[in-house]
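Here's a quick briefing to read with the structure open beside you.

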Amino acid sequence: MMAGGLARFVVLILATAICGAASVFQPISDSHRSAALDVFAPVDGSYKSLDEAYEALKTLEILGIDKKSDLSSATCENVVKVLASPSSSTLKDVFYALSVNGILKCKSGEDVPKDIVSKLQTGVKDAKLLLDFYYSVRGLVLVKEQFSGTDISLGDAEAVFRSIKALSQSDGKWRYSPNNPESSTFAAGLAFETLAGVISLAPSEIDHSLIQTLKTGITKLFDSIQKYDDGTFYFDESEGPISTTASVIRGLKSFAASESTGLNLPGDRIVGLAKFFLGVGIPGDAKDFFNQIDALACLEDNRFSVPLILSLPSTVISLTKKEPLKVKVSTVFGSKAPALSVKLSQALSSGSKGSSVINNQELKFDAESATYFLESFPKNFDVGKYTFVFEILLDESANEKVYITEAQTKVPISATGAITIENAEIAVLDSDVGSVESQKKLDLTKDEAVSLSANHLQKLRLSLQLTTPLGHVFKPHQAFLKLKHESQVEHIFLVKTSGKKSELVLDFLGLVEKLYYLSGKYEIQLTIGDASMENSLLSNIGHIELDLPERPEKAARPPLQPTDPYSRYVPKAEISHIFRVPEKLPAKQLSLVFLGVIVLPFIGFLIGLTRLGVNIKSFPSSVGAATSALLFHGGIGAVLLLYVLFWVKAIGSVHDSKGTVFAGSVSVVRRTQNTVSPRSSIEQAEICLKDIYSSL
């Protein structure tokens, strides 16, 4: 619940930001059609549920995008499944199955599905909740529309009407349940659609007093409508402003279509509702996208009033190019408007108080492009920001019953032009008397190479004049001078406009702390920009050598300059490795000769064994067996050799340390024989030998 509330809050904030900031509304364009293909793209050729399928198909149908052939197979399978066994489906599933069937024509004909009608009629009879009434009644209306020759009616339509009307509140809102006192504007839209279905299914006319009471409730509901400063109107509740407003509009369209006397709704509210949905832009959420397009389609085709929207291809007019003012009037989907005239009643300048530079100027009409235009502007029309006030007048009075226009449409306009820059100069002044020590004229249309020098007792002055094409003083939105020290420390100073001159005076005596007492070379750069200035500039003037006092110990030091974050990805310096020079080796042939010399003694050993008469006839002759035998005997010989080397090492150590012969130490060895039993391990023998060595 918290996540849903947060999402609705974000939607409201975004809608507020869009509608509050923009006063120029454009009708639905190809951008919406392109976005719809992405927002309503099916997953594996189908949608998760029938309600999602209906919203996608309905949106694409309204926008004129034919995707029925791509989606009909999988979606129709679900539709037929629900309609074939309505008893095992909910009223909601049956309703959306019929809604999708109305678009894809999955099941049609003259035979009325009796099981469906029976389920829906039972739903109307047993309904207590508003949603049960809605799905049942609207489902019966869909059956009546889709199956030809069907005459479905509610036997006691007036009683059903009263049961639904009992859920209404005095403020025009409705409740979902008789046991729930909480009312909702979203529920009001559902109720209007449901009651419109009851009226269309009634075998006779509903009591006129009931319908009149419902109209009064609609009027009270509009008393709770919310408004932005640009004339945008909307309804808002927990479901979100887009869903809530769309629900009310759908309900009003259905009720107006079913009721013969029509609805008398305030025109500015209808235009404001249309501007709300156009001001939303292109929603990224599929639900909001559907509600936007469906609500605008209801406003495009209804029986109370079709709003006409005034739009401008561009709100920027270049006086240099002498561009005309162009205006278009159309419906919310860009359809052509009936014959009408557009008048520019006022053009209010943002700098003047109530004075208008253009009054009651009627625009010409170009039938080929369906555009109203103003060819030229009066001579006193200068660059700047304006608010144009338009009035739309229908030529035929009969159209006033069908179409509705805003009484006055206010549009922000920006007139741009080339600003003249004159008398630009930069000078170094003495602080005491203010006399000019050095002065340079500047041509700001190109980069200069001015070279100046100053100390902390002097001043730097920059002055220039900015004038509009009509010779008026121009005050730019942005004008500042930047000093950049050779250590990359930057300082920015605003250039103020006073009278006819824009001027900046820097007193270095009062700026030594701000400049961190950094003497040296400073680059000078001037920036002038404004939305109405076609020749905004960024000019490098030159440099100035500053001689400032030494920095005191307690004075602030210049901040560390930020390093380039991408410098860490720069290739590192190449590392050169120094390897040891390989030793000089003998020739390969010489190594093989020495290998043979090493093997010869072993061969001689074998020959010696045969000479001594050793019996080696039983020694295996095959390669595998001979190898195993050699390894076995070699292992035994290695163990014996290890013992010999051990004793030689031990006896040699004793001889070297005591200067005695081996025979002189026999007594010591004999003395330890009793301590080593025949079952003692080799580790115990080693310990005994260590004891012998330590005693000697």
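Predicted model: local features only at pLDDT ≥ 70, side-chain atom pairs only at ≥ 80, totals over all residues.

In brief, the largest nonpolar core has 103 residues, another core of 41 residues lies apart from it, and the structure holds one disulfide.

**Nonpolar cores**

- In the core of 103 residues, the largest one, Trp174 and Leu252 are the residues with the most contacts inside it.
- Helix 9, covering residues 185-201, is the top contributor to this core, giving eleven residues.
- As for background, nonpolar side chains in soluble globular proteins tend to be buried together.

**The disulfide**

- Cys76 and Cys106 are the bonded pair, with 2.0 Å from S to S.
- The link between Cys76 and Cys106 is left-handed, at -75° about the S-S bond.
- This pair ties together distant parts of the chain, 30 residues apart: Cys76 belongs to helix 4 (residues 68-84), while Cys106 is in the loop between helix 5 (91-104) and helix 6 (114-126).

**Buried cysteines**

- Cys76 has a relative accessible area of 14%, so it counts as buried, the cut-off being under 20%.
- Cys298 is buried too, with a relative accessible area of 6%.

Key: Residues numbered from 1 in each chain as written. Heavy atoms only, no water. Core = buried A, V, L, I, M, F, W, Y, C linked by side-chain atoms within 4.5 Å. Buried < 20%, exposed > 50% of the residue type's maximum accessible area, 1.4 Å probe, protein only. Helix = DSSP H or I, 4+ residues; strand = E, 2+ residues; numbered from the N terminus. Disulfide = S-S within 2.5 Å.
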